[in-house]
Amino acid sequence: MAGLMVSGTQVSYVGQYCREIPESLGRDFGHFAKRLDLSFNLLRSLEGLSAFRSLEELILDNNLLGDDLVLPGLPHLHTLTLNKNRITNLEYLLDHLAEVTPALEYLSLLGNVACPNELVSLEKDEEDYKRYRCFVLHKLPNLKFLDAQKVTRQEREEALVRGAFMNVVKPKQKLSDLCA
């Protein structure tokens, strides 16, 4: 399989423009892979990922994954990066991750609309990002790192108190449009 790199328990299939996870990847490497990198592809679905039951790290940066993202149960997964995809519904994603990735400690969502910062939109500011971090930590309290930044004790305490109210939601219409 062109573009495939295997080193120990690490499997990398990067930049192959694949739209789905090749069945042969799961069949040949799923039983032992602990780290899987599928970055820079055209993935819209993670069908086939269930063959990788022992995964500890999953790198899915720069794909086309959206709000219909479905991960199988991955009880050992501690690291997940979904940078630069098409994720907009943060609450749905976090509820799903809480259910299927109980060991998750490191999550990165930079470059998605769901992660409000200057990488996504100039309309977002530092306060939006702080609220986002608080909400994520409320939903996934076991995280140690979020978007490559260590989670602080202060953030954890804030998430316990106010996290449920920190989901950053912007109206789809401008107020002036509603009043017209």
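A pocket is an open set of points, on a 1 Å grid over the protein atoms alone, where a 1.4 Å probe fits and protein lies on both sides within 12 Å along at least five of seven lines; its lining residues have an atom within 4 Å of a point. Grid points are joined across faces, edges and corners, and a volume is the space filled by probe spheres set on the points.

The views below show a predicted model, in which local features need pLDDT of at least 70 and side-chain atom pairs count only at pLDDT 80 or more, while totals for chains, interfaces and linings use all residues. Residues are numbered from 1 along each chain as its sequence is written, and side-chain values use heavy atoms, with hydrogens and water left out.

**View 1. The second largest pocket and its lining.** Let us start with this pocket, which holds about 280 Å³ of space. Its lining has 12 residues, and those closest to the centre are Lys-130, Arg-131, Arg-133, Glu-155 and Glu-158. Two elements, α3 and α4 (153-162), each give two or more residues to the lining; helices here are DSSP runs of H or I with at least four residues, strands are runs of E with at least two, and both are numbered from the N terminus. The largest share, seven residues, comes from α3. By type, the lining divides into seven charged, three nonpolar and two polar residues, where Asp, Glu, Lys and Arg count as charged, Ala, Val, Leu, Ile, Met, Phe, Trp, Tyr, Cys and Pro as nonpolar, and the others, Gly among them, as polar.

**View 2. The largest nonpolar core.** Such a core is a set of buried Ala, Val, Leu, Ile, Met, Phe, Trp, Tyr and Cys residues joined through side-chain atoms within 4.5 Å. Buried means under 20% relative accessible area, exposed over 50%, and partly exposed in between (1.4 Å probe, protein chains only). Of the 45 members, Leu-49, Leu-58, Leu-80 and Leu-107 touch the most other members. Elements giving two or more residues are β2 (10-13), α1 (23-29), α2 (90-100) and α3 (126-139), with the largest share, six residues, coming from α3. Take a look at Leu-80: beyond its neighbours within four places in sequence, its contacts (heavy atoms within 4.5 Å) include Leu-58, Leu-97, Tyr-106 and Leu-107.

**View 3. The open sheet and the β5-β6 pair.** Eight strands form an open sheet in the order β1-β2-β3-β4-β5-β6-β7-β8, with mixed pairing; two strands pair if DSSP finds at least two bridges between them. At the edges are β1 (4-7) and β8 (149-150), each pairing on one side only. Strands β5 (residues 79-81) and β6 (residues 106-108) run parallel and are joined by three bridges, and Thr-79 has Tyr-106 as its bridge partner in β6.

View 4. Ser-12 sits in strand β2 and counts as buried because its relative accessible area is 19%. Not counting residues up to four places away in sequence, Ser-12 touches Gly-3, Leu-4, Met-5 and Asp-37. Thr-101 lies in the loop between α2 and β6 and is buried, with a relative accessible area of 3%. Leaving aside neighbours within four places in sequence, Thr-101 is in contact with Leu-71, Leu-74 and Leu-77.

View 5. Most residues other than glycine have a negative phi. Asn-62, though not a glycine, has a positive phi of about 55°. This asparagine is in the loop between β4 (57-59) and β5, and Asn-62 counts as partly exposed because its relative accessibility is 24%. Lys-84, also not a glycine, has a positive phi of about 55°, and Lys-84 is placed in the loop between β5 and α2.
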